[in-house]
Amino acid sequence: MLSALIFAPLLGALLVGLLPAGENGKISRRVALIASGLIFLWTVFLASQFIPGEVNQQFSEFLPWINALGLNYNLGVDGLSLPLLLLNGLLTAIAIYSSNESLQRPRFYYALILILSAGVAGAFLAQDLLLFFLFYELELIPLYLLIAIWGGAKRGYAATKFLIYTAVSGILILASFLGLVWLSGANSFALTGLNTTVLPLATQLILLGGILIGFGIKMPLVPFHTWLPDAHVEASTPISVLLAGVLLKLGTYGLLRFGMNLLPTAWAYLAPWLAVWAVVSVLYGSSCAIAQTDMKKMVAYSSIGHMGYILLAAAAATPLSTLGAVMQMISHGLISAMLFLLVGVVYQKAGSRDLSVIRGLLNPERGLPVIGSLMILGVMASAGTPGMVGFISEFIVFRGSFAVFPIQTLISMIGTGLTAVYFLILVNRAFFGRLSEQVMSLPRVYWSDRAPAMLLAGLIIIFGIQPSWLVHWSEPTVTAMVNVEHTVATVSVHHTPDKS
């Protein structure tokens, strides 16, 4: 059942690649859209069969592979990975739907997107450290090509920078994984067979450092973030949707699964510093977003700030904060994907993303009133307005983290105010006021252009009103991950007992 999420996209990529040469892109787009739609429906079926109260891996698959390396084909899904699989399936279908039918080399383009989806799904399903690394590296190749071939004017620079940063990330993660297995005396890379308690604290700290920096590059966190704005600005809109909505979650997922879960003692020791790191990322990302005039770059820097919330929640390592981290992953995936889709429509119709050029797009007669209204809803969700999923995810993060890191949590909450500031600047400059002469005659916006953003807007509101539909899969899993011993160890590191 789980292997279908990996091999079905690869089969779809093969079918797209075998289409007749010279077709205009419509056929390959339809084949890829059907394949991605079926994969998403299969993921929904898996979710319907998932037992929320079961904390162990479900639908597990095991096949011996390379015994000499201790590598096995070992898959499983739990409450941490299932929501991310659903998000991957949904946004892959939306990215394919939103792609331009007239793009060049369409067969190669859609095949790469499907391969990217397979790599991401494999990473979320892998229950073997080396298998995870293989899928983690697999997604690097198609994403590099998607930026380098179909990107903007500086696509070569952005793609190369992304490749270098992600390659360094992979090297650090592989080195840490090899150290975890060899130094602990395990005979395989299976997650269930690792016993890190036998490692000295100094060794755990070194290994955790590699994991933190490796996945910190992927998230990304300051100061390893500089590849992200360049990649977003040069990538096409569908690729930005996947990059912000899904690919960044490989970093946050890796921190929870392989950092906090495997090395709890070292994690508790470093937790105060991780909370400070989170504060820096939140404030720096938000401050940089305020200074931007490119709408796409502003949304890109907002992602850096919102990833800091996840690190703060993971550093606190309470059941509630960890649940908030999972919710923030899904919340950010939906909201950032919606914002990039809307910015893409603005750029397609107005020919610019520069806030000093475009104005008055909310004009009901000659502007983009529906797109403007959806943009206002999206920025409200990102700023944590009640009634939307952005509010409930950030509230749970702050509520769960405050007991452990009150000062860092309060400072991080400033980030929500800064989010409102820079997105208010975006909306005020681009959509209000008199329609600027440069965008006086805009092409017609069809419902097909609005449909993906409207779908995401509906999910943002639904999960904001009824968040239990989103968390009922994850709550038992994260509660089991953050066990009582882990929580007590974390608190004991952070607080000196009262001698009185």
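This is a predicted model: local features need pLDDT of at least 70, side-chain atom pairs count only at pLDDT 80 or more; totals for chains, interfaces and linings use all residues.

Colleague: Which helices supply at least two residues each of the lining of the largest pocket?

Modeller: They are α9 (227-234), α10 (237-247), α14 and α18 (447-465). Of these, α14 gives the largest share, eight residues.

Colleague: How many residues line the largest pocket, and which lie nearest its centre?

Modeller: The lining has 33 residues. Ser98, Asn100, Thr237, Pro238 and Gln348 lie nearest the centre. The volume is about 850 Å³. By class, the lining holds 15 nonpolar, 10 polar and eight charged residues.

Colleague: And what lines the second largest pocket?

Modeller: That pocket has 18 lining residues, with Leu191, Thr192, Arg257, Asn261 and Leu262 nearest its centre. Its volume is about 430 Å³. Helix α20 (residues 475-481) provides the largest share of the lining, three residues. The classes are seven nonpolar, nine polar and two charged.

Colleague: Now the core. What is the general idea?

Modeller: In soluble globular proteins, nonpolar side chains tend to be buried together. In this model, the largest nonpolar core has 176 residues. Met295 and Met375 touch the most other members. Helix α14 (residues 319-350) gives this core its largest share, 18 residues.

Colleague: Which residues is Met295 in contact with, leaving aside neighbours within four places in sequence?

Modeller: Met375 is one of them.

Methods
Residues are numbered from 1 along each chain as its sequence is written. Side-chain values use heavy atoms; hydrogens and water are left out. A nonpolar core is a set of buried Ala, Val, Leu, Ile, Met, Phe, Trp, Tyr and Cys residues joined through side-chain atoms within 4.5 Å. Buried means under 20% relative accessible area, exposed over 50%, partly exposed in between (1.4 Å probe, protein chains only). Helices (H or I, at least four residues) and strands (E, at least two) are DSSP runs, numbered from the N terminus. Contact means heavy atoms within 4.5 Å. On a 1 Å grid over the protein atoms alone, a cavity is a set of points where a 1.4 Å probe fits but cannot get out, and a pocket is an open set with protein on both sides within 12 Å along at least five of seven lines; lining residues have an atom within 4 Å of a point. Grid points are joined across faces, edges and corners, and a volume is the space filled by probe spheres set on the points. Ala, Val, Leu, Ile, Met, Phe, Trp, Tyr, Cys and Pro count as nonpolar, Asp, Glu, Lys and Arg as charged, and the others, Gly among them, as polar.
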